[in-house]
Amino acid sequence: MAQTADGTLYSFELASQSWRAGLTAVYTGELFKVPFFSAPSLRGLPGGSYDFYFGVDTLPNGILGLDKTTDHKTRLTIRPP
């Protein structure tokens with residue numbers, strides 16, 4: 001997930017490998033060991049400052065519970081080409 005300074009949310013859609021407005025789960029299913037992979041392309045996101053989150057909902061009930069999520073965050077600035 002990426003969040004702009006004004007609170008706009010974007011989620012990475014795995015199937016299309018692109019960013020979509022709003023908050024949606026990228027993957028739902030059992031946890032598994034993730035091999036090394038490249039970070040998703042930032043193409044498609046407007047320029048600006050973003051907080052990027054990688055999180056896991058610790059209550060696997062099919063409902064995204066932000067109060068039950070553990071996550072890591074980093075801040076990046078995207079400059080338009």
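A residue counts as buried here when its relative accessible area is under 20%, as exposed when it is over 50%, and as partly exposed in between, with a 1.4 Å probe and protein chains only. By that rule Trp-19 is buried, and Phe-52 is buried too. The model is predicted, so please keep its ground rules in mind: local features need pLDDT of at least 70, side-chain atom pairs count only at pLDDT 80 or more, and totals for chains, interfaces and linings use all residues. Residues are numbered from 1 along each chain as its sequence is written, and side-chain values use heavy atoms, with hydrogens and water left out.

**Overall build**

- The chain has 5 strands and 0 helices, where helices (H or I, at least four residues) and strands (E, at least two) are DSSP runs numbered from the N terminus.
- Read from the N terminus, the order of elements is β-β-β-β-β.
- Along the principal axes, the C-alpha atoms fill a box of roughly 40 × 25 × 20 Å.
- Of the 81 residues in the chain, 16% are buried.
- The chain exposes about 6,500 Å², and carbon and sulfur atoms supply 59% of that area (Shrake-Rupley method with a 1.4 Å probe; for residues, only the protein chains shown count as cover).
- Among contacts with a separation of 6 or more, 42% come from residues 24 or more positions apart; contact means heavy atoms within 4.5 Å.

**Aromatic cluster**

- Rings of Phe, Tyr and Trp (its six-membered ring) pair if their centres lie within 6.5 Å; planes under 30 degrees apart count as stacked, over 60 as edge-to-face and the rest as tilted.
- The count by this rule is 4 aromatic pairs.
- Trp-19 and Phe-52 form an edge-to-face pair, because their ring centres are 5.8 Å apart and their planes stand at 70 degrees.
- Trp-19 belongs to strand β3 (residues 18-21) and Phe-52 to strand β4, so this pair ties together parts 33 residues apart in sequence.
- Tyr-50 and Phe-52 make a tilted pair, because their ring centres are 5.7 Å apart with planes at 40 degrees.
- Tyr-50 is buried, as is Phe-52.
- Ring pairs join Tyr-10, Phe-12, Trp-19, Tyr-50 and Phe-52 into a cluster.

**Largest pocket**

- On a 1 Å grid over the protein atoms alone, a pocket is an open set of points with protein on both sides within 12 Å along at least five of seven lines, and lining residues have an atom within 4 Å of a point.
- The largest pocket holds about 1,600 Å³ of space, a volume being the space filled by probe spheres set on grid points that are joined across faces, edges and corners.
- Its lining has 44 residues, and Val-26, Tyr-27, Phe-54, Gly-55 and Val-56 lie nearest the centre of the pocket.
- The elements giving two or more residues to this lining are β2 (9-13), β4 (48-57) and β5 (69-78).

**Loops and a strand residue**

- Gln-17 sits in the loop between β2 and β3 and is exposed, with a relative accessible area of 51%.
- Gln-17 has a phi near 55 degrees, a positive value in a residue other than glycine.
- Most residues other than glycine have a negative phi.
- Ser-41 is placed in the loop between β3 and β4 and is partly exposed at 39% relative accessible area.
- Asp-57 lies in strand β4 and, leaving aside neighbours within four places in sequence, is in contact with Ile-63, Leu-64, Gly-65, Lys-68 and Thr-69.

Conventions. 1 Å grid on protein atoms, 1.4 Å probe; cavity = no way out; pocket = protein on both sides within 12 Å on 5 of 7 lines; lining within 4 Å.
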